[in-house]
2 protein chains.
Amino acid sequence: MQNTSPFPENSVGLVKSQSLRVDTAIKLQCGQNLSHYDLAYETYGTLNDSKSNAVLICHALSGNQHAAGYHHVDDKRPGWWDLCIGPGKAIDTNHLFVVCPNNIGGCHGSVGPTTLNIETSHPYGPDFPIVTVKDWVHSQAQLADHFDILQWAAVVGGSLGGMQALQWAIDLPHRIRHALVIASAPKLSAQNIAFNEIARQAIMSDPDFHNGHYYGERSYPKRGLILARMLGHVTYLSDHAMRLKFGRELKKGHLSFDYDAEFQVESYLRYQGEIFSENFDANTYLLMTKALDYFDPAAEYNGNLVGAVSQALCKFMVISFTTDWRFAPNRSEEIVNALLQAKKTVSYAKIDAPQGHDSFLLDIPRYKNLFSAYMANIILEANKLNQEKRNAS
Amino acid sequence: MQNTSPFPENSVGLVKSQSLRVDTAIKLQCGQNLSHYDLAYETYGTLNDSKSNAVLICHALSGNQHAAGYHHVDDKRPGWWDLCIGPGKAIDTNHLFVVCPNNIGGCHGSVGPTTLNIETSHPYGPDFPIVTVKDWVHSQAQLADHFDILQWAAVVGGSLGGMQALQWAIDLPHRIRHALVIASAPKLSAQNIAFNEIARQAIMSDPDFHNGHYYGERSYPKRGLILARMLGHVTYLSDHAMRLKFGRELKKGHLSFDYDAEFQVESYLRYQGEIFSENFDANTYLLMTKALDYFDPAAEYNGNLVGAVSQALCKFMVISFTTDWRFAPNRSEEIVNALLQAKKTVSYAKIDAPQGHDSFLLDIPRYKNLFSAYMANIILEANKLNQEKRNAS
C-alpha cells in the first residue's frame, strides 16, 4: 500500500491540541489556590476498554503538549518527542494511548501567566502563582480522571519531565505502574540553581520585562529570553558534542576581529535564542526554572530520599547519559540507589552517548532499543490486564 | 623583632601602581596600530645586578597589575595573587624581582577603551582595537626593555595568564627561561567560546551599552556586566565546590515561593556580580573574552601545536586541577603532550583539588609546595647567573 500521507509512515500524523476545563480547585504548594483551570493536552493512539494502556508524557522546561505528530500538513518539524512516540516507536501508539499535557504555568494553552485573570481582566503575568512539580502531578491527575484512567501504564519524562514521573510514583503510588525517569536528578545542585538564576536575572533585568507586566507593552523581554535560552542551550550540550558540531570553525572562514559572530557556535546560539524568544513566554520561563529549583521530593521526608521513594508501588526505569553534565549519571544513580535501598524494582541504564543532556531527545540506537524493550513489556502487561478484564466481564 | 607594619609579615606591604609610556608603535594582530601607549604595572622585590631574577606575572580575564600587597593601609584585601607573591612565598620577593602589568585593552591604567583617544577627544570605547594574547606579549616585552631585562627568569600566569606565558615561549623564545602555565589551555573549546559569547551578548544587548559609547551617558551596562560576571563565576567553580559552599541552603531558612534570592547560591552570585560591575569596564570585558577566543598559537603553524611549541627554548611547568571544568586537565595535557613531542623539558602536575578553575588562586598546600619547589630552582638558577656575571666582571 502506498503511503499517501504527507507524513512519515511511523508518525502519528495530524494531531490537534485539546483542552480540559478543570472545575475542581487546586491548592498549590505555594499556598495559593486556582479555583478552576484549563489544561491543554494532546493524545495519540487509542485507549483500550480497560484503560490499562494509558501513558502520561511529562514535558521539560521548554516543552509543551505537542509531543508527537504535526499540527499542519506543512509543518516542517513534528512534536518534540516524535522520535520516541508513534506507531512502532518506543512509545508505540499502535498499542498505547498517550496523553501529554502542557503543564500549568505554561504558555501553550494551559492556565499560566498569559491567561486572563478574570479578577483583574489582565493576564496573570508575574502574579501567576509559583508552581511546583507536585502541583503538576496533582493537576495531571485531573486528566487521568477525565479519561477514567485509574492507573497509568507508565508515566514517562526526561529532565524536568523525569522529575514529574518520580513525583507521581511518590505522591500517587496507586495510580502508576511504571515510572520512566530519564536524564533527571532527585534535586538540583547548587550549580544547576546558579544557571537557572542567571537565566532568571537575564529576563528580570531586561528593561522590557516591566516587572513581568509586559503583555500590554509594545515590547517584551526578548533580549533576556535570548540570553536565557543561549545559556540553557550550552548546558544541554556536552563539551564533546559542541566540539564535534562546531569545533573552532569560523563563520566567515577568516578572523574578522570584531564583535560579529566569529565562530560558528556563536551564530548558532544567537539564532537558536532568537527563534526561542519568539515562541516562549518569559514569565513561563521563570516559573519553569523555579519548579526545577524547588523540586526535592526527599524534603517532605526529612531529606531522606529512601523514605520518599518508599512510598512508591510502581516499577522504575532510570536512564542516564554519560556526557550529560546538567544531570550527570551520578545524579540518576542517587535515585537508583535510593530505590534499591527501598527495595523497589528498578532497571538502570547509563547510555554511552556524546551528546550531553539533549541525548534524551536524540536518535541514539542503544537508548531507543532499551527504551523500546522496556515499553514492550509495559504493552504486554497492559494487554494482559485488558484480557483479564474482558474475561471477567 | 616586632612586626609594626599593618600588613602580614609575608606581604610585600604597601605598593604603588606605576606607568610606562611606550613611544614605540605596536602593530596589533587585528591590523591596527597604536602609535604610543601607557602600560600600568607594579613591581615587587629587587632586580639584581645581572637582571637575571625578573619574573613576569600575566593576569587573567578580570585581573590587573595589582597582583600583591596593598595600595592603602586600610585595604581589606591584597592584590589578586598575594597568596603566591611575597617574601617566602612561591614567587619569593626576597629573591625575585616581580613585574605585573595591566594588559592593553584593560581598565586599570593601561591604554584601553576608557582611555581618551586624542584623535576624537573621547574615550576609545568600542573603537579600541581588538587585542590578542600575541599583542600582549609584544607590549609586555616593552616593559622588559624598560628594565633592561634581556630574559625573564620566568613568565607565570594562570588561565588567560598561562596562555600569555605559553605565547611568550613561542614568540620570544630567547627572552624567557621558564614558562609556568597554570590552569590553562592551548585554545578555547566551542563550549568555552559559547560561555564568552553569552557574556558578551549580555553586555551588548543591555540598552545601557549604547553600542559601547556609554562613558558620556548617565548609565553604563551594569546589568549586562552583572550577568557576565555571574556566568563567569559559575564556570570558575566546580559543581563539587558549589555543593560544599552552598548546597541547597535557603537564604531565609524556608521557601518563599517568589523571585527573591531563595537559595544562598543565588544571593552570593548576585552580590559578586554587583561588586564586579562597579569595578570593571564593560568594553574591557568584551576585549578580554575576545582575546581568550582568539588564542590559538598553533594556528600560525598550520594548526600544529607541536610545531608552535617547537619554537620554545625555555623549560615548562604546567599545572592543572582535577575539578577545573573550564580548562580541564586534559586541556593542559594537550600542551604537555605537544611539548614532549617537541622534546622540550616539561614538568606537569595535576593537582587534586575540589575548587575548580579558581584553584590557581587558592591556598592549596600541594599546589603551593610544587609551585614553590619549581620557583626555588629558578631562584638558584638566577643567583648562579648573577654570580657568574659578577665573577666575569
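Q: In E11(A), which residue is the bridge partner of A:Ile57?
A: In this predicted model, strand E5 (residues 54-58) and strand E11 (residues 154-158) of chain A run parallel and are joined by four bridges. Two strands pair if DSSP finds at least two bridges between them. Helices (H or I, at least four residues) and strands (E, at least two) are DSSP runs, numbered from the N terminus. In E11(A), the bridge partner of A:Ile57 is A:Val156.

Q: What pLDDT do local features need in this model?
A: Residues are numbered from 1 along each chain as its sequence is written, while chains are lettered from A and ligands numbered from 1 in the order in which they are written. The model is predicted: totals for chains, interfaces and linings use all residues, side-chain atom pairs count only at pLDDT 80 or more, and local features need pLDDT of at least 70.

Q: Which strands stand at the edges of the open sheet of chain A?
A: The sheet has eight strands, in the order E1-E4-E8-E5-E11-E12-E13-E14, with mixed pairing. Each edge strand has a single partner strand, so one side of each is left without a neighbour in the sheet. These strands are E1 (18-22) and E14 (346-351) of chain A.

Q: At about what angle does helix H9 of chain A run to E13(A)?
A: Helix H9 (residues 329-341) lies across strand E12 (178-182), strand E13 (315-321) and E14 of chain A. Axes are lines fitted to C-alpha atoms, for helices over the stretch in contact, and angles run from 0 to 180 degrees between N-to-C directions. Contact means C-beta atoms, placed from the backbone, within 7 Å. H9 runs to E13(A) at about 160 degrees.

Q: Which helix gives the most to the side of chain A that touches chain B?
A: The contact takes 40 residues from chain A and 40 residues from chain B. H3 (190-204), H4 (222-236), H5 (239-245), H6 (264-277) and H7 (282-294) of chain A each supply at least two residues of that side. With 11 residues, the helix that gives the most is H3(A).

Q: Is A:Ala183 buried or exposed?
A: This residue sits in the loop between E12 and H3 of chain A, and its phi is near 50 degrees, a positive value in a residue other than glycine. A residue is buried if 20 or more other C-beta atoms lie within 10 Å of its own, exposed if 12 or fewer, and partly exposed in between, with C-beta atoms placed from the backbone. With 31 C-beta neighbours inside 10 Å, A:Ala183 counts as buried.

Q: Is A:Asn211 buried or exposed?
A: A:Asn211 is in the loop between H3 and H4 of chain A. Its C-alpha atom is separated by 8.9 Å from that of A:Gly125, 86 residues apart along the chain. With 9 other C-beta atoms within 10 Å, A:Asn211 is exposed.

Q: What percentage of the residues of chain A count as buried?
A: Chain A has 10 helices and 14 strands. Its C-alpha atoms fill a box of roughly 75 × 55 × 50 Å, taken along the principal axes. Of its 393 residues, the buried share is 55%.

Key. Two residues are in contact if their C-beta atoms, placed from the backbone, lie within 7 Å.
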